[in-house]
2 protein chains.
Amino acid sequence: MNDVLAELITIGDEILYGQIVDTNTQWMSEKLDEIGIKTIRKTTVGDNEDQIMQAFREAESRANIVLITGGLGPTNDDITKPCLANFFNSPISLHQQAYSELKELFETRGFQLTETNKRQAELPDKCTMISNRHGSAPGMWFERNNKVFVSMPGVPHEMKAMMKENVLEKLQNFYHTPTIFHKMIQTVGIGESWLSDTIKDWEGNLPSNISLAYLPGLMQVKLRLTAMGSDIIALEEQVNQQVDNLIPLIEKHVFGYDNETLEEAIGKLLIKQEKTLSTAESCTGGHIAHTITSVPGSSAYYNGSLIPYQNDMKMDLLDVKKETLEMHGAVSEATVIEMAQNIRRKFRTDIGVASSGIAGPGGGTKEKPVGLVWIAYSDGNGTITKKLQLGHQRLINIKRTTTAVLYLIWQSLVQNN
Amino acid sequence: MNDVLAELITIGDEILYGQIVDTNTQWMSEKLDEIGIKTIRKTTVGDNEDQIMQAFREAESRANIVLITGGLGPTNDDITKPCLANFFNSPISLHQQAYSELKELFETRGFQLTETNKRQAELPDKCTMISNRHGSAPGMWFERNNKVFVSMPGVPHEMKAMMKENVLEKLQNFYHTPTIFHKMIQTVGIGESWLSDTIKDWEGNLPSNISLAYLPGLMQVKLRLTAMGSDIIALEEQVNQQVDNLIPLIEKHVFGYDNETLEEAIGKLLIKQEKTLSTAESCTGGHIAHTITSVPGSSAYYNGSLIPYQNDMKMDLLDVKKETLEMHGAVSEATVIEMAQNIRRKFRTDIGVASSGIAGPGGGTKEKPVGLVWIAYSDGNGTITKKLQLGHQRLINIKRTTTAVLYLIWQSLVQNN
């Protein structure tokens, strides 16, 4: 059968002019993808009738499904509803169920129902009303020539509840969507082009119903396999077969699957191996600790961090030797070795890691330019160091260093696994 | 003159299918807005030639400026460049400057330049190359019938550097955009609706050529004044006059102007007052330290942080009394008071701050629910504490707590100013 194609239209000046970030469409297309509906376009237009009507016409000409968010507020600048009524040549009148649900919502919240609010219970006669349990603007479902338009509020939690409780299932029933299986392979420490060179033979031999996408990030690349067919079990087996062939080629770089993060993968390995971790951060200034503790339950294996942002703190609180700092400086292999070993002892952990560098943009010298970073990993078996030469952007350098340190931790944990 | 209209086209399956959130277009339309260029539409399409070409044609028919991001990677699924070459009927060949910059980038990073990478230095002959100081894909500037197409990488920091260093100014010169003066007033600790109630008389008296926008964030609201006219000096004076009338109404909440962050404002005050700062973080797990050290030059006033993520670390390394932890628990006013006072002593700083709470989503009890956070501020004059009851989202709780701690620091610094 043909793909079922969807377009997402976001309506609102505040999104168009960049006053807020649109997070709705990311969530929506992800959910559509999971039920085999392919998003072919996302469009954002302002609260402007001509722009909105044009977007409706274009979307109807291309897609089977048009999901619209925003512009359903009670004020006059919200015009999605009249535009839809116009588009579907439908009069608007008070919808009894919508009205009673609206009254109920306002009673439970203890608010007075104003005339302005009451207008939110008026709907185009040609639409099917979709209840909004979390807000005052009901959703609208339109059908024409086997195509579906759905209008939902722009407030994320209202839209998400509507999609999950009503829209997604209704769409699955309306179209008989193909079966899809996704698998994401998470890699670290190998660039996109190196990766593609390494696996290009494997990629060239992929069956025609499986597609591959590269999703690059900072020192991390995700590989997403998408298989289309009819039987989910067969698709999963087919994809896993391909993954089994892929892994040996890039084993040293695959830390997880689907949405797992590197810090989550490390957490699982630490729990499994019953090991604990501590960090000593200079140039990363707490970002490694923040990344590790962003994982719920990280207190099970993470003892904490010391951030000695001054040389005397490195000496007094982390016992880095005065001679080491005088002879080699704070940004040196000798210093990060002592930092990693001493933090491990002080926090009584199996593993200690450390960072020291010139994050920039200032502070560089000829011998030690901005972006020079030393990192160290220390455990019962010894200490490993790595030298990085990064760029001039402070935050990027901090994040790259964090990933490099996590990569060191992960590498040693998988070796012992 | 007529408005100069822009459309933003984002290219990439990973955005279309919801693998990642698009933050680029929010930033881009905000920057365009600041130079008087109006965004009329945002479109996202996948790595699909038909869809991309159709988006190009539609955008060209509506807008003066078309800014394109994404699809410039070295792999085969990235096809923005051939699509642009096709759209502008231009052959592609190796661009010498692009090639030498690419080689230089790879040398400084110590990588081998692969054949795949080398392809990134091939450009359509009809475009003007835009240097990419932070990545391997150069930007492209096309002109046709007084309309401009600009193609940039999808990696946010690469795109932003390109926009700031090249594209925005080039666009201002190409179109003679109206004279606009912007001023942003940065506030903290006051909600949007309270703010608008407090300043509504002032807002009502704004001259017609000045508009006000509320840009809300986590515990922070930005007020953006936009003045349109012909003479930049006159506009600046006019806006500053209005700001002078505004400040007395909300003085306790204004920490800075334009793009100044709360952590930057704190840094300036610490330098001016020759004071030093240290932090002791439990539930924030390093995010306060990271926020403070994200400011270049923060080592001038920041001595560092201790993150005792376990109770025995709080006792052994931060001298929190055993009795305190046993009697009140780690998440208590008594504990954060000791943490703030002891970190200040250990790091020998004028100011010490501390956080302890249940970030969630797990770990809550009836007496101490998820989202309960205690924070403390300590200096030579004594110690201040604050109790927060936040929500159930771990990262949001960490960020809100960070802002609340920074707000405490800022409040005490301005009092002494």
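Domain bounds here come from an automatic or database domain assignment. Keep that in mind, and keep in mind that this is a predicted model.

So, chain A. It is divided into three pieces: domain 1 at 4-175, domain 2 at 179-257 and domain 3 at 262-415. How far apart are the C-alpha centres of domain 1 and domain 2 of chain A? They lie 36 Å apart.

Next, the annotation. An unreviewed UniProt entry places "domain: MoaB/Mog" at residues 7-173 of chain A.

Now some strands. β6(A), residues 128-130, pairs with β7(A), residues 139-144. The sense is antiparallel, over 3 bridges. Then β7(A) is joined to β8(A), residues 147-152, by 5 bridges, again running antiparallel. Look at Met140(A) in β7(A). Opposite Met140(A) stands Met129(A). In β8(A), the bridge partner of Met140(A) is Ser151(A). The hairpin of β7(A) and β8(A) has 2 residues between the strands. There, Asn145(A) takes a positive phi near 50°.

Last stop, the second largest pocket. Its volume is about 540 Å³. Which residues lie nearest its centre? Lys38(A), Ser211(A), Arg224(A), Asp13(B) and Tyr17(B), out of 27 lining residues. The elements giving two or more residues to that lining are β2, β9, β10 and β11 of chain A, together with α1 of chain B. β10(A) gives the most, with 4 residues. By type, the lining divides into 10 nonpolar, 9 polar and 8 charged residues.

Key. Residues numbered from 1 in each chain as written. Chains lettered and ligands numbered in written order. Predicted model: local features only at pLDDT ≥ 70, side-chain atom pairs only at ≥ 80, totals over all residues. Heavy atoms only, no water. UniProt positions renumbered as here; feature names shortened; annotations may be inferred. Pairing = 2+ DSSP bridges. 1 Å grid on protein atoms, 1.4 Å probe; cavity = no way out; pocket = protein on both sides within 12 Å on 5 of 7 lines; lining within 4 Å. Points joined across faces, edges and corners; volume = space filled by probe spheres on them. Nonpolar A, V, L, I, M, F, W, Y, C, P; charged D, E, K, R; others polar.
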